[in-house]
Amino acid sequence: AILSARKVVLYESPGDYMAAATCGIPYGLILLGLHVNSALLGFLISANLDEVIISTNTDTKRVNKVTGEITYPGQDAAEKARAKLALYLGEHKVRIRAPKLSNDWSEGHQKGTGELALFKAELEGAAAPESETPFTLSL
């Protein structure tokens, strides 16, 4: 599915991948953590895909008790992965797309947010399904 679609979504966990596959997004790989390893990097280079989407969790902020540094582990890792992949694949082929309505795709799927249907439509370049309500984030 990845090679024929010419794109891949990199998920942080098996649960996120399974939720996406259940909703009809078949071209995904699992990072099993927050880093792009050398084997995955080699595959992505050799596959010559048109698009690589990094989709790690939307973690809440964490504060280091010693330094006071604020981090967002999933999104910080996504940015590092984007920078690494962009070196090999080109900036125009790599982007980040994290869930907006929940911490991760699996949680959103379980809660019934409908965001995976919107993500699928986005990936396919189509309008959002009529049955879905467009969402906005309020902070």
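Predicted model: local features only at pLDDT ≥ 70, side-chain atom pairs only at ≥ 80, totals over all residues.
1. Helix α6 itself spans residues 115–124, and its buried residues are Glu115, Leu116, Leu118, Phe119, Ala121 and Leu123. The elements covering these buried residues include the strands β1 (7–11), β3 (51–55) and β6 (94–96), together with the helices α2 (14–22) and α5 (105–111).

2. The structure contains two aromatic pairs. In one of them, the ring centres of Tyr11 and Tyr17 lie 6.2 Å apart; the planes meet at 65°, and the pair is therefore edge-to-face. Tyr11 has a relative accessibility of 0% and so counts as buried, the cut-off being under 20%.

3. Trp105 and Phe119 form a stacked aromatic pair, with 4.8 Å from centre to centre and 5° between the planes. This pair joins distant parts of the chain, since Trp105 belongs to helix α5 and Phe119 to helix α6, 14 residues apart. Both Trp105 and Phe119 are buried.

4. As to the overall fold, the protein has six helices and six strands. Along the sequence they follow the pattern α-β-α-β-α-β-β-β-α-β-α-α. Of the contacts between residues at least 6 apart in sequence, 56% connect residues at least 24 apart.

5. The protein has 139 residues, of which 38% are buried. Its accessible surface amounts to about 7900 Å², and carbon and sulfur atoms contribute 55% of that surface.

How values were computed: Residues numbered from 1 in each chain as written. Heavy atoms only, no water. Buried < 20%, exposed > 50% of the residue type's maximum accessible area, 1.4 Å probe, protein only. Helix = DSSP H or I, 4+ residues; strand = E, 2+ residues; numbered from the N terminus. Contact = heavy atoms within 4.5 Å. Areas by Shrake-Rupley, 256 points an atom, 1.4 Å probe, with all protein chains shown as cover. Phe/Tyr/Trp six-rings, centres within 6.5 Å; stacked < 30°, edge-to-face > 60°.
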